[in-house]
Amino acid sequence: VVPDAPAAAAWFQRVLGLRTTDRMDMGMGKRAVFMRTNARHHALAVTDVLPEPMFHHLMVEAKTLEDVG
């Protein structure tokens with residue numbers, strides 16, 4: 001969660017080369033922006049929905065359950 005989703009998305013696109021996959025208007029001026037690095041729908045999503053900036057969750061891809069531990 002970031003203070004300004006469009007500004008954060010612009011940074012990730014400019015600095016890391018991510019491409020926008022989807023945008024959602026969450027109402028009351030709040031937004032979510034989904035970005036990708038590969039064929040998956042998104043590798044990163046930024047939103048300004050919650051009242052305070054914070055890290056929400058992370059997805060890690062592994063080939064097998066044993067790779068996770």
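**Notebook: strands, a buried aspartate and a surface patch**

I began with Met 26 and found the residue partly exposed, at a relative accessible area of 41%; by the cut-offs I used, buried means under 20% relative accessible area, exposed over 50%, and partly exposed in between (1.4 Å probe, protein chains only). The model is predicted, so I noted that local features need pLDDT of at least 70, that side-chain atom pairs count only at pLDDT 80 or more, and that totals for chains, interfaces and linings use all residues. Residues are numbered from 1 along each chain as its sequence is written, and side-chain values use heavy atoms, with hydrogens and water left out.

**Entry 1: the chain as a whole**

I recorded two helices and three strands in the protein chain, in the order α-β-β-β-α from the N terminus on. Helices (H or I, at least four residues) and strands (E, at least two) are DSSP runs, numbered from the N terminus. The C-alpha trace spans about 45 × 25 × 20 Å along its principal axes. Of the 69 residues, 17% count as buried. I noted an accessible surface of about 5500 Å², with 60% belonging to carbon and sulfur atoms; the areas come from the Shrake-Rupley method with a 1.4 Å probe, and for residues only the protein chains shown count as cover.

**Entry 2: strand pairing**

I next looked up S1 (residues 19–27), the strand that holds Met 26. S1 runs antiparallel to S2 (residues 30–36), and seven bridges join them; two strands pair if DSSP finds at least two bridges between them. Within this pair, Arg 23 has Val 33 as its bridge partner, and Gly 27 stands opposite Lys 30. The two strands form a hairpin with two residues between them, and Met 28 in the turn has a positive phi of about 55 degrees. S2 is also joined to S3 by four bridges, again in antiparallel fashion. There I found Met 35 opposite Leu 44.

**Entry 3: Arg 19**

Arg 19 also lies in S1, and I listed this residue as partly exposed at 44% relative accessibility. Leaving aside neighbours within four places in sequence, its contacts (heavy atoms within 4.5 Å) are Phe 34, Met 35, Arg 36, Thr 37 and Asn 38. From Arg 19 to Asn 38 I read 9.1 Å, C-alpha to C-alpha, across 19 residues in sequence.

**Entry 4: Asp 48**

Is Asp 48 buried or exposed? Asp 48 counts as buried because its relative accessibility is 3%. I placed Asp 48 in the loop between strand S3 (44–47) and helix H2 (65–68). Its side chain reaches the backbone nitrogen of Ala 5 at 3.3 Å. Not counting residues up to four places away in sequence, Asp 48 touches Val 1, Val 2, Pro 3, Asp 4, Ala 5, Pro 6, Gly 29, Lys 30 and Arg 31.

**Entry 5: the surface patch**

I returned to Met 26, which belongs to a nonpolar surface patch with Met 24, Val 49 and Leu 50, about 310 Å² of accessible area together. Patches are made of residues with over 30% relative accessible area and no salt bridge, with like charges joined within 9 Å and nonpolar side chains (Val, Leu, Ile, Met, Phe, Trp, Tyr) within 5 Å. A salt bridge is a side-chain nitrogen of Lys or Arg within 4 Å of a carboxyl oxygen of Asp or Glu.

Key: A polar contact is a pair of N or O atoms within 3.5 Å; within protein, one must be able to donate a hydrogen and the other to accept it, and residues adjacent in sequence count only if both atoms are side-chain atoms.
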